[in-house]
Amino acid sequence: MILKHLKKMTVLSAFALSGVIAASSGAMAEYPEKPITMFIGYKAGGGTDTVGRVIAKILGEELGQQVNVVNKPGAGGGIAVMTVKGADADGYTLLMNPSGTITTAPQINKNLTYTANDFDYIGMATAFQIGLVAPAGRPYNDMAGFVAWAKENPGAKYATLNPASKMVMDYLAVKEGLDINYVPVKGGAGMINVVLGDQVDIGYSGGIHQRHPDQIKLVGALSSERHAKAPNVPTFQESGYPLVINMMTTLVAPKGTPADVLAKLEAALAAVVVQPDLISISEKIGAPITYKNAADTTAEMNAQWDAFAEMVKVTGYSAD
C-alpha cells in the first residue's frame with residue numbers, strides 16, 4: 001500500500017515538474033505575449049518620431065505584437081530616457097531615441113541621472129547628419145572658409161539649439177579667437193526659420209537642413225564620417241578640430257532585460273532595417289540606414305560617451 005502510494009506521488013511529481021518546465025519554456029518562447037510600449041523623447045512629426053514610428057510598425061509585425069509609440073518630450077529627449085531607465089526590465093518597455101540623449105545629455109544636464117552603462121542596447125538603425133550649416137548665399141563652403149570670414153566679420157550670428165550645440169561654437173571661438181553672437185532657437189524648425197530668413201550666418205543642425213538643399217548648405221560635418229548628401233564637405237576632424245558628435249536612432253531596453261528577450265528584439269530589428277518602408281523614409285529625411293547589432297551598439301555608445309566627455313573637458317563646460 002505504501003509502495004503504491006509512493007509510486008503515485010512519483011508520477012504526480014513528474015507530471016508537475018514537466019508542467020513547470022513546459023510553462024517556463026512556453027513563457028520564453030511566447031515573448032512578447034502582449035503589446036510593447038516604445039517611448040520616443042520628442043514630439044510627433046520630427047525626424048526621430050518619423051523614423052521611430054516606421055520602426056515600431058515593422059517591429060510589431062516581426063514580433064507578432066503591436067508596438068505602441070508614446071511621445072514623451074522634455075530635457076532634450078532625457079525625460080523619456082529616465083522613464084525607460086525606471087521601467088520593468090521585461091522587454092515590454094523600450095526606448096527609441098537618438099544616441100546622444102544618453103551619451104551627451106546627462107554630461108551637460110545634472111538633472112539627468114544616468115550614464116551609458118545604465119541600459120541594455122538592442123541595436124542602431126539610422127544616423128542623423130549632424131553639422132553646421134549656413135544660408136546658401138554665404139561666401140564660405142567649409143569650416144576653414146567660415147573661420148576666415150568670421151575673423152574678418154566680428155559678431156557672426158550663430159543659431160544654437162542646446163548646450164551641446166553651443167559647446168561646438170564655444171570651442172571654435174576660443175581656439176580661433178572668434179567674436180560670436182549666439183542666437184538661441186527652439187529645435188530644428190527654429191534653426192531652419194532663422195537660416196532661411198537670412199537672420200544668422202551659421203547654425204547647428206541635426207539633419208533637418210537636408211530638406212532645403214537649394215537654400216541651406218552644410219559647411220562642416222560633426223559626425224565621424226562625411227555626410228552622404230554632402231560628400232565633398234570635410235568633417236570637423238578633417239578640418240583640424242577634435243570634435244565629433246555622432247547621433248544614431250538607437251533601440252534601448254532597461255538594464256537587466258533577459259538575454260533571450262534581447263536576442264529576439266535584436267533579431268527583429270535586424271529584419272526591420274532591410275525593409276523597403278524604412279529604407280524609403282530614411283532616404284526621404286536624409287537619415288541613412290546605419291545598422292549596428294547589440295554588441296556593436298554597446299561599444300558605440302561607450303565610445304560616444306568618452307568622446308563627448310573629452311569635448312566637455314576641452315571646452316571647460318560645467319553642467320547646469
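Which residue in E9 does Ala134 stand opposite? Ala134 stands opposite Lys217. Before going on, the basis: this is a predicted model, where local features need pLDDT of at least 70 and side-chain atom pairs count only at pLDDT 80 or more, while totals for chains, interfaces and linings use all residues. Residues are numbered from 1 along each chain as its sequence is written, and side-chain values use heavy atoms, with hydrogens and water left out.

Now the sheet. Helices (H or I, at least four residues) and strands (E, at least two) are DSSP runs, numbered from the N terminus. Two strands pair if DSSP finds at least two bridges between them. On that basis, five strands make an open sheet with mixed pairing, in the order E7-E6-E8-E5-E9. E7 (180–184) and E9 (216–221) are at the edges with a single partner strand each, so one side of each has no neighbour in the sheet. From one strand to the next the twist averages 30°; axes are lines fitted to C-alpha atoms, for helices over the stretch in contact, and angles run from 0 to 180 degrees between N-to-C directions.

Take strand E5, residues 131–135. E5 runs antiparallel to E8 (residues 202–205), joined by three bridges, and Val133 has Gly203 as its bridge partner in E8. E5 also runs antiparallel to E9, with five bridges.

Helix H6 (residues 143–152) packs on this sheet and touches E5, E6 (156–160), E7, E8 and E9, contact meaning heavy atoms within 4.5 Å. The direction of H6 makes about 130° with that of E6. As for E9, six of its six residues are buried, that is, under 20% relative accessible area with a 1.4 Å probe, protein chains only.

Next, the pockets. A pocket is an open set of points on a 1 Å grid over the protein atoms alone, where a 1.4 Å probe fits, with protein on both sides within 12 Å along at least five of seven lines; lining residues have an atom within 4 Å of a point.

The largest pocket holds about 1,200 Å³ of space. Its lining has 41 residues, and Tyr42, Leu161, Asn162, Gly187 and Gly188 are the closest to its centre. H8 gives the largest share of that lining, three residues.

The second largest pocket has a volume of about 250 Å³. Sixteen residues line the second largest pocket, with Ala127, Glu225, Asn246, Met248 and Thr290 nearest its centre.

Notes
Buried means under 20% relative accessible area, exposed over 50%, partly exposed in between (1.4 Å probe, protein chains only). Grid points are joined across faces, edges and corners, and a volume is the space filled by probe spheres set on the points.
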